[in-house]
Amino acid sequence: MDLTGILSNKLQKLKTAKNDGKGVNFEDISQIMVEVIDDLKGTFLRDSIIYRELESIRDAIEEAKGETITILSDDGKTIPDASLQLDAVIKQSEDAANDIIDAACKIMELAPDNAEISAEATKIIEKCDFGDLSRQRLVKVVSHLQNIETRLNKLFDALKMERKETDEKVCESGVVLTGPQLSAEAPSQDDIDALFDSL
Amino acid sequence: MAVDMNMKILIVDDSRPMLKIIRSLLKQIGFGNVEEATDGHDALAKLNANGGWGLIISDWNMEPGMNGLPFLKEVRAAAALKHIPFVMVTAESKTDNVIAAKQAGVNNYIVKPFNAETLKGKLKAVFGEF
């Protein structure tokens with residue numbers, strides 16, 4: 001209901017009370033004014049530029065976070081999906097880096113007298129710190145996003161805005177894209193083959 | 001289906017390291033005639049520009065470019081392209097994804113991460129022994 005409608009309703013209540021001969025006392029007027037102010041708060045804020053900007057920020061965060069971060073649940077506890085996903089990224093990066101380093105070391109062992117091969121293998125080993133650097137940056141980014149999200153959710157609650165809980169991406173064919181699953185949940189290639197062959 | 005080890009293969013992925021990896025694995029298996037595209041639109045342009053394609057290997061999630069599923073559907077809808085074997089290589093491993101890809105006409109489905117042995121096995125499933 002818009003502002004005019006809200007005020008009309010309240011005034012009508014006052015008129016009705018007066019017409020009924022019940023009289024209008026200070027407490028009645030106070031109560032109605034409090035209700036008007038509360039209604040106005042929500043209505044005015046909903047129409048305000050600030051409200052629209054907040055909606056834009058909320059939508060932008062939802063797009064940015066994808067699957068990796070969920071908003072606060074109703075009981076106020078953070079669902080730890082972000083940290084699980086981050087742990088999976090870290091572990092995979094570390095495992096990959098370890099395998100690459102082992103392979104580079106093996107290459108050096110196979111050609112110990114070849115300075116050029118040793119130099120190139122060394123470069124490979126040196127660059128395997130990508131996992132650690134990526135992890136550190138990811139942790140920072142996730143932390144920043146979670147902070148922003150926490151603050152915005154508190155503001156959304158105060159303004160009585162709806163929360164959006166979308167961490168699934170639906171592609172144009174109507175199929176949900178979830179990206180790589182966590183190790184404990186992911187089917188093996190054999191599982192996929194069995195499903196594929198059964199279709 | 002007999003396999004021509006010199007057939008022209010199009011690999012499609014928005015990740016440059018992934019394109020390098022797939023190219024390298026194909027080379028190990030014996031397929032050296034490989035071209036690359038970075039999403040469905042890019043791939044369709046290359047497919048339509050020249051003929052003689054023997055195989056498409058494509059990622060699924062390539063946004064903001066054209067994803068692998070609509071790309072597959074475009075290929076299967078095009079008279080000049082629909083015969084080309086299409087293998088999806090993707091991190092999407094949920095049942096609905098596999099079903100959707102199969103219904104769209106994919107010849108085989110590989111989940112990431114994968115190795116040369118898996119890729120070879122899937123190509124053998126499509127083409128027969130080589």
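1. Which pattern does chain A follow, read along the sequence? Chain A follows α-α-α-α-α-α-β-β-α, with seven helices and two strands. Helices (H or I, at least four residues) and strands (E, at least two) are DSSP runs, numbered from the N terminus.

2. A note on the basis of what follows. This is a predicted model, in which local features need pLDDT of at least 70 and side-chain atom pairs count only at pLDDT 80 or more, while totals for chains, interfaces and linings use all residues. Residues are numbered from 1 along each chain as its sequence is written, chains are lettered from A and ligands numbered from 1 in the order in which they are written, and side-chain values use heavy atoms, with hydrogens and water left out.

3. Chain A has 199 residues, of which 25% are buried. Buried means under 20% relative accessible area, with exposed over 50% and partly exposed in between (1.4 Å probe, protein chains only). Among the contacts in chain A with a separation of 6 or more, 62% are between residues 24 or more positions apart; contact means heavy atoms within 4.5 Å.

4. Chain B has five helices and five strands. From the N terminus on, its elements run β-α-β-α-β-α-β-α-β-α. Of its 130 residues, 51% count as buried. For contacts with a separation of 6 or more in chain B, residues 24 or more positions apart account for 64%.

5. The strands of chain B form an open sheet of five, in the order β2-β1-β3-β4-β5, with parallel pairing. Two strands pair if DSSP finds at least two bridges between them. The edge strands are β2 (34-37) and β5 of chain B, each of which pairs on one side only. From one strand to the next the twist averages 20°.

6. Within this sheet, strand β3 (residues 53-58) of chain B pairs with β4(B) in the parallel sense over three bridges. Ile56(B) has Phe86(B) as its bridge partner in β4(B). Strand β4 (residues 86-90) of chain B is joined to β5(B) by four bridges, and the two run parallel. Here Thr90(B) has Val111(B) of β5(B) as its bridge partner.

7. Both faces of strand β5 (residues 108-111) of chain B are covered. Asn108(B) and Ile110(B) on one side, and Tyr109(B) and Val111(B) on the other, are all buried.

8. Phe86(B) lies in strand β4 of chain B. Is Phe86(B) buried or exposed? Phe86(B) is buried, because its relative accessible area is 0%. Beyond its neighbours within four places in sequence, Phe86(B) is in contact with residues including Ile56(B), Ser58(B), Phe71(B), Leu72(B), Val75(B), Val106(B) and Asn108(B). Phe86(B) and Val106(B) are 20 residues apart in sequence and 5.4 Å apart in space, C-alpha to C-alpha.

9. Helix α3 (residues 68-77) of chain B lies across β1 (8-12), β3 and β4 of chain B, and runs at about 175° to β4(B). Axes are lines fitted to C-alpha atoms, for helices over the stretch in contact, and angles run from 0 to 180 degrees between N-to-C directions.

10. Helix α2 (residues 40-49) of chain B packs with α3(B) at an angle of about 25°, the axes being 9 Å apart. The angle therefore makes α2(B) roughly parallel to α3(B). Angles under 35 degrees count as roughly parallel, over 145 as roughly antiparallel, 65 to 115 as roughly perpendicular and the rest as oblique. The crossing of α2(B) and α3(B) is right-handed, meaning that the near helix is turned clockwise from the far one by less than a right angle. Gly40(B), Ala43(B), Leu44(B) and Leu47(B) of α2(B) make the contact with Phe71(B), Glu74(B) and Val75(B) of α3(B). By class, these residues are five nonpolar, one polar and one charged. Ala, Val, Leu, Ile, Met, Phe, Trp, Tyr, Cys and Pro count as nonpolar, Asp, Glu, Lys and Arg as charged, and the others, Gly among them, as polar.

11. Between the chains, the axes of helix α7 (residues 189-198) of chain A and helix α4 (residues 95-104) of chain B come within 10 Å and cross at roughly 45°. The angle makes α7(A) oblique to α4(B). The crossing of α7(A) and α4(B) is right-handed. Ile192(A), Leu195(A) and Phe196(A) of α7(A) are in contact with Thr95(B), Val98(B) and Lys102(B) of α4(B). This contact has four nonpolar, one polar and one charged residues.

12. One peptide bond should be noted. Lys112(B) and Pro113(B) are joined by a cis peptide bond, with omega about 0°. Pro113(B) lies in the loop between β5 and α5 (116-127) of chain B. Most peptide bonds are trans.
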